[in-house]
Amino acid sequence: MAEIVLDKVTKRYADGALAVSDVNIEIADGEFVILVGPSGCGKSTTLNMIAGLEDITGGELRIGGVRMNEKAPKDRDIAMVFQSYALYPHMTVRENMAFPLRLAKVDNATVTRKVEEAAAILDLKAHLDRKPANLSGGQRQRVAMGRAIVRSPKAFLMDEPLSNLDAKLRGQMRTSVSRLQKQLGTTTVYVTHDQTEAMTLGDRVVVLRGGLVQQIGAPQFLYDHPANLFVAGFIGAPAMNFLPATLENGSLSTPLGTVALTDRVRRAAEAADAPREVIMGVRPEHFEDASLVDAAALDRGASFDAQVEVLESMGAEKFAYFSVEGGEAHASDLADLAADAGSAGVPDTGSQVVTRLSAASAVAEGQPAKFWFDTDKVQLFDPASGANLTYSAD
Amino acid sequence: MSQTTEAARPATTHRAKPVLSEGKRAERRLGLLLCAPAAIVMLAVTGWPIIYSVWLSLQRYDLRFPDKQEFVGLANYGTVLSNGYWWTAFGTTALITVVSVAIELVLGMALALIMHRTLVGRGLVRTVSLIPYGIVTVVAAFSWKFAWTPDTGYLAKLVGPDTAVLTEKLPALSAIILAEVWKTTPFMALLLMAGLALVPDDLLKAASMDGAGPWQRFTKVMLPVMKPAILVALLFRTLDAFRIFDNIFILTGGSQGTGSVSMQTYDNLIRGLNLGIGSTMSVLIFIAVAIVAFVFIKVFGTAAPGSDPGRR
Ligand SMILES: Nc1ncnc2c1ncn2[C@@H]1O[C@H](COP(=O)(O)OP(=O)(O)OP(=O)(O)O)[C@@H](O)[C@H]1O
Ligand SMILES: [Mg+2]
């Protein structure tokens, strides 16, 4: 077990592509860190550099305080779980899990004991003598985990280890990965695309974009206090709503009407020297059906009317979608997000607003309704730099 | 021949009858009709000569004594199999096959790895390495022969002024094997490269993470995973090498005990005009090749590339 430090780490591929640039991450001993970001942002590259599968172009990687840049993967004492599982097809489950131990010239009795132990933890005892080709996806995934844990490495690296499983199995495996990591207390770096995994698994989340670190912090902190538009839009599903807005003497004119700023927001915006044109971000759960909000709260927030276009009733909550006139916010961060979500070029996505309402709401599809949103929860962003103007670290 | 096709067809339809619907059966009939012309041509050009040579091998049939032609059963086989020259040729052929295929495997694997790894000018490297395979064997054999000709050949000069490589048994065999290896290693490399492409990158990365060095990755992961491709390559090359003819014909003409079984067959069949004995020999070669193929497929479990990967 050991802490992992990436000190100004940069990766430039042979073809000149800058995949990771000047990344600083300090991962404490036993910590579970998640790397998220859109496709091609350098997550795998970062992981492969820690593993030693890719050379580091610049900066330093330290594991347990020792510089690792020049060490071969086998000398770093790190285990990796691959998205494809990368099980050796010609070996049985037992041989697969024993492989790292055999290479380390561990004696037979110890190999047998460790493999049996790992198999017991991962519930693989019944399958030890089968070949990977004859296992289900979930079983293969567990074998891959088993191969990683048998030799008690200093750290685990996992590159989207659950993304080949179906949703239900992924949920189950997510909890077992979490439990396993807590049980073993091994430093873990985990790459994922999945919002739920990012929010639930890690102690801290690192958001990457185009090879640059956008923000590092606990999942809830990133959700509540995104440093910029990109993080705000990337963390959370459904994503935060972004609307263009104009700041005018203490009030904000938006496509949802003119809104009085609360003290917190005004002070933060003043401190950040906000420009006149800004982007307003509101999370879906900060909206509510106005008829369900008590009078005191109605005063605190802002209300407006809109025509519900789509209503998704989830049982415990309802998602209402509507679009607003002339409401598309423009910023390079948002274009990136749209590209990642695959919605670039789809008309109307920018002006579409998603709201999460209580199940008790009586709004109906195709009908006009009165909505309310909590103006104190509003976040303002600078369209030019993407920076969160209302950011505070507490 | 027409009997075989007609006999085969009712058998298939009969077996399929209980499970196939009318539409399926019509489809199958159409399928058979569509491939019938090709099958008939195949039978005519490959099946017929085989059957005919089996027929010839059962007769005493020497074109120098045409009146003495008669059916002799397996007598020709007795004659050939009890003949010392045949067994010498057989031993020579087996030696050339084993040694040349072994060398080709090693060199071919090295070449395949190089071609697989090359990032710049990959196309050029592949094309260049395939040149020997693209040259007609006889042409290449002649250039080897000139190279080994005492006094004038560059290779002959290299080994020394007074040695005539092609006139002694072992050096001549080595020269033959060298020519074979030079010519067919690219083919081996190409087959092996197809096998290399079957080894996922992730698997090698995983092996590195598990603590394997380059050599261990090669022997413990790469070789076992590409075993099917290696076996197919070995099978193809073994069958081919066993029938070696052109190189020997040009380089030594089969003298100094360098003749292969194919050379012997040629000597008897074409030069000696003994159709009976010559056919017997070609049938024996056919049987030997069939046994090699059988051993590869049944004992080592060789499969055609891409077929049924989950079995192993
Ligand atoms: N071998 C390579 N040579 C050149 N460029 C590469 C190479 N591998 C990756 N890249 C580039 O580096 C960038 C980061 O790639 P990386 O694989 O780290 O992305 P990722 O975040 O893992 O994406 P994904 O979520 O799709 O797996 C991409 O722009 C990619 O095109
Ligand atoms: Mg990746």
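## Where chain B meets chain A

Between chain B and chain A, about 1700 Å² of area is buried, and carbon and sulfur atoms give 67% of that. Please keep in mind as you look around that this is a predicted model. The contact involves 17 residues of chain B and 22 residues of chain A.

The rule finds 1 salt bridge between the two chains. Its partners are the side chains of B:Asp210 and A:Arg147, with an N to O distance of 3.5 Å.

Which elements of chain B give two or more residues to the side that touches chain A? They are helix 9 (201-209) and helix 10 (214-225). Of the elements on this side, helix 9 of chain B gives the most, with 7 residues. Here is how the residues of chain B that touch chain A divide by class:

| Class of residue | Residues on the side of chain B that touches chain A |
|---|---|
| Nonpolar | 8 residues |
| Polar | 4 residues |

Finally, a look at one residue of chain A. A:Arg102 belongs to helix 2 of chain A, which covers residues 93-103. Is A:Arg102 buried, partly exposed or exposed? A:Arg102 counts as partly exposed because its relative accessibility is 45%, a value between the 20% and 50% cut-offs. Apart from neighbours within four places in sequence, A:Arg102 has contacts with A:Asn108 and A:Val111.

Notes: Residues are numbered from 1 along each chain as its sequence is written. Chains are lettered from A and ligands numbered from 1 in the order in which they are written. This is a predicted model: local features need pLDDT of at least 70, side-chain atom pairs count only at pLDDT 80 or more; totals for chains, interfaces and linings use all residues. Side-chain values use heavy atoms; hydrogens and water are left out. Helices (H or I, at least four residues) and strands (E, at least two) are DSSP runs, numbered from the N terminus. Buried means under 20% relative accessible area, exposed over 50%, partly exposed in between (1.4 Å probe, protein chains only). Contact means heavy atoms within 4.5 Å. Buried area is the accessible area (1.4 Å probe) that two parts lose on being put together, summed over both. A salt bridge is a side-chain nitrogen of Lys or Arg within 4 Å of a carboxyl oxygen of Asp or Glu. Ala, Val, Leu, Ile, Met, Phe, Trp, Tyr, Cys and Pro count as nonpolar, Asp, Glu, Lys and Arg as charged, and the others, Gly among them, as polar.
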